[in-house]
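Hello,

Here is the structure I promised to pass on. Have a look at it first, then read my notes below.

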Amino acid sequence: MIKKICIKLEYNTYCLWLYNENDEVVDNDNPPEWDDDEKLTAAFMAVSDLYDSFFIDTDKEFKYIGPSNEEDIVKLQDLFKTAMLILEEKNNGKYTIQNDVSFDSL
């Protein structure tokens, strides 16, 4: 049973991490009852896609390069805020939501 949703920015992953009552990762996705929620998925995929653009990932090199300008940070923050509003509205207190995203380290 899912008890907690943790929001994390990690390269090439969806932002939502689902945890059970033992604080173990169950999945990296929307909770099953929201699996077909296109609005929620699109919002967090937009966050993930922009965050992924802060990396170089080729056959020869993988590294974090960060945002190319201040506008990218502002855009990421706006996308994240929108996604969180959708999540909080959808959640309506059902799960504990833990936000592990920090924009200070970008």
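How many helices and strands are there in the chain? There are two helices and six strands. Helices (H or I, at least four residues) and strands (E, at least two) are DSSP runs, numbered from the N terminus. Along the sequence, they follow the pattern β-β-β-α-β-β-α-β.

Two notes on the source. This is a predicted model, where local features need pLDDT of at least 70, side-chain atom pairs count only at pLDDT 80 or more, and totals for chains, interfaces and linings use all residues. Residues are numbered from 1 along each chain as its sequence is written, and side-chain values use heavy atoms, with hydrogens and water left out.

Next, the overall build. The C-alpha atoms fill a box of roughly 40 × 25 × 25 Å, taken along the principal axes. Of the 106 residues, 38% count as buried (under 20% relative accessible area; exposed is over 50%, partly exposed in between; 1.4 Å probe, protein chains only). Take contacts (heavy atoms within 4.5 Å) between residues at least 6 apart in sequence: 52% of them join residues at least 24 apart.

Aspartate 23 sits in the loop between β2 (16–20) and β3 (25–27). Its phi is near 60 degrees, a positive value in a residue other than glycine. Aspartate 23 has 47% relative accessibility, so it counts as partly exposed.

Asparagine 92 lies in the loop between α2 (70–91) and β6 (96–99). Its phi is also positive, about 50 degrees, although asparagine 92 is not a glycine. At 69% relative accessibility, asparagine 92 counts as exposed.

Best wishes
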